[in-house]
Amino acid sequence: MSKTQPSEAAHDVEHERLGSAWQGVPAPDYPESAPEGATLDLLLNAWLGKFTGGISPAALGNAYADWLSHLALAPSKQQTLLQEAWKKIGRWQQYALQSAMAGGAFEPSCIAPLPQDRRFDDPAWRRWPYNLVYQGFLLQQQWWHRATTGVRGVTPHHEDVVTFTVRQWLDMLAPSNFMLTNPVVQQAALESGGASLARGAQHLAEDWQRAAMGPYAPDTRRYKVGGNVAVTPGKVVYRNDLIELIQYAPTTATVHATPLLFVPAWIMKFYILDLSPHNSLVRYLVGQGHTVFMISWKNPTQEDRELSLEDYRQLGVMDALDAIVRITGAPHVHAAGYCLGGTLLAIAATTMARDGDARLASLTMLASQVDFKEPGELSLFIDESQVSFLEAAMWKQGYLDTKQMAGAFQLLRSNDLVWSRQLRHYLLGQDEQDSDLMAWNADATRMPCRMHSEYLRRLFLHNDLAEGRYRTAGRHIALPDIDAPIFAVGTLTDHVAPWRSVYKLQLLTDTDVTFLLTSGGHNAGVVSPPGQPRRSYQLATHGHDAPYIDADSWQRDVPHHDGSWWPAWQAWLAQRSDAQVAPPAMGPGLGDAPGRYVLQT
């Protein structure tokens with residue numbers, strides 16, 4: 001059951017304005033207490049979601065109706081598209097003729113792939129007739145992009161949805177995905193005497209068997225929690241119904257007096273911050289003399305459906321802070337949040353500032369947003385229709401299933417996570433290229449029904465935190481109240497928390513913000529240990545009273561530094577920590593790290 005319940009007055013005010021974050025979703029006893037028709041609506045939507053992967057048909061229908069109706073009212077756009085089509089057909093025919101006259105290969109091609117598109121890099125694609133196949137595909141892809149964008153009157157969200165879904169179909173039908181149109185697959189089959197295809201068929205059969213067996217499938221993972229990932233020594237020193245708090249054992253004679261608390265996202269498990277020893281941010285910081293604590297979230301079940309965002313704040317961040325102060329005796333604590341954990345940490349820090357709680361020495365936001373107006377490609381799955389449809393599925397089972405969450409992230413990078421994997425694994429017969437980061441990425445968690453609904457509605461849909469409408473304990477909070485210094489990390493190619501969105505912290509807070517932009521994406525950009533090649537970052541501090549610098553100007557003018565960003569952050573923490581002291585005693589041992597909750601499936 002929920003630890004905290006909003007007051008009726010607060011609910012009434014919220015309902016009058018936009019609808020409560022939770023009143024849009026029935027309580028768990030809704031089928032017994034609500035009108036029969038509403039129950040049937042939910043059951044129908046939940047049943048339908050099993051076949052659509054949680055995607056709302058109404059949301060897709062609205063987007064396509066918007067696009068098609070405005071396209072029908074735009075004869076000049078139709079004329080432009082028709083002219084474009086004839087031009088592309090002519091270019092392709094000319095290229096085909098030139099290739100035939102050149103004996104099967106002709107350069108330059110009539111269209112080049114986008115820089116991030118590596119599907120046609122192999123020289124085999126330059127041979128006839130495969131050069132004609134992939135060139136024709138790229139021309140079609142370009143035409144469809146122009147057809148789905150720039151239609152006057154279409155809302156930006158619907159345009160993004162249509163463009164995205166059309167791109168998914170094109171990615172699925174790309175010639176690289178089929179043996180008959182992929183020269184690389186054919187060449188591998190000939191050179192191996194068909195062994196590559198046989199291995200691919202074996203991989204497919206094994207994957208089918210594993211999917212059919214579900215939780216009963218044998219564990220063949222190379223990376224195992226507590227075995228070769230999440231192995232930094234420590235103890236579980238606190239446990240409640242939502243978190244385990246891990247204290248890591250010191251490895252230096254003295255430590256910084258100010259301890260550090262990590263608040264990871266609960267969408268995935270905490271050990272992205274404690275992967276293999278050479279990739280572990282936790283191990284690195286412990287080695288630099290920091291006393292590190294980590295929240296490990298429970299993997300919720302149907303019984304936890306009523307857990308709210310407020311419960312995550314109180315049972316998570318606040319209970320962890322209380323335990324750290326009690327164990328170490330330190331008056332102040334550094335706190336670092338990753339992804340959604342950073343958003344929760346910002347909510348907790350703002351609440352503490354409102355209530356006069358000055359225990360936070362600093363905040364670090366790792367790829368975390370507090371303003372959700374520009375949340376990146378995740379916004380494709382978030383509108384009123386889609387959230388309502390998803391709420392029905394969560395109402396039925398009590399949580400958002402791991403497959404639904406993983407499927408959304410896979411769609412955002414379908415070329416890398418779906419089709420390129422199928423090409424390598426099934427058509428080329430290559431073994432999985434496993435890594436600790438990939439193993440972590442596959443180890444997903446569930447999301448409680450109420451919490452996830454509040455998260456989507458109050459943060460993504462209504463942007464209440466950034467716009468001053470968010471409440472904790474029944475009272476409003478405001479981000480400018482935070483006076484602890486902030487270190488914010490954005491990652492250059494982040495599709496979950498775009499760095500320009502993370503950068504908005506400078507506009508929304510009234511404290512010193514040190515912003516760091518690092519190479520890499522949402523996960524690989526954070527996991528950036530010293531010594532890794534091709535890593536770089538930019539770093540600058542914006543004083544609370546300094547003039548604002550826009551994101552593009554910041555990126556253009558701030559110097560680049562080669563290497564990992566970890567040492568720069570560690571130095572920033574050390575400058576804001578108290579003097580070196582003997583390591584504090586370990587808290588009461590409730591078991592060895594990584595604890596029990598992280599092992600829940």
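Reader: Start with Val263. What is its bridge partner in E6?
Author: Gly337 is the bridge partner of Val263 in E6. The model is predicted, so to speak of local features pLDDT must be at least 70, side-chain atom pairs count only at pLDDT 80 or more, and totals for chains, interfaces and linings use all residues. Residues are numbered from 1 along each chain as its sequence is written, and side-chain values use heavy atoms, with hydrogens and water left out.

Reader: How many bridges between E4 and E6?
Author: Four, in the parallel sense. Two strands pair if DSSP finds at least two bridges between them; strands (E, at least two residues) and helices (H or I, at least four) are DSSP runs numbered from the N terminus.

Reader: And E4 with E5, how many there?
Author: Three bridges, also parallel. Phe262 has Met294 as its bridge partner in E5.

Reader: Which way do the E4 side chains point?
Author: Leu260 and Phe262 point one way, Leu261 and Val263 the other, and all are buried (under 20% relative accessible area, 1.4 Å probe, protein chains only).

Reader: Zoom out. What is the strand order?
Author: E1-E2-E5-E4-E6-E7-E12-E13-E14-E15, an open sheet of ten strands with mixed pairing. E1 (234-239) and E15 (560-562) are at the edges with a single partner strand each, so one side of each has no neighbour in the sheet.

Reader: What joins E15 to E14?
Author: Three bridges, with the strands running antiparallel. Gln538 is opposite His560 in E15.

Definitions and conventions: Buried < 20%, exposed > 50% of the residue type's maximum accessible area, 1.4 Å probe, protein only.
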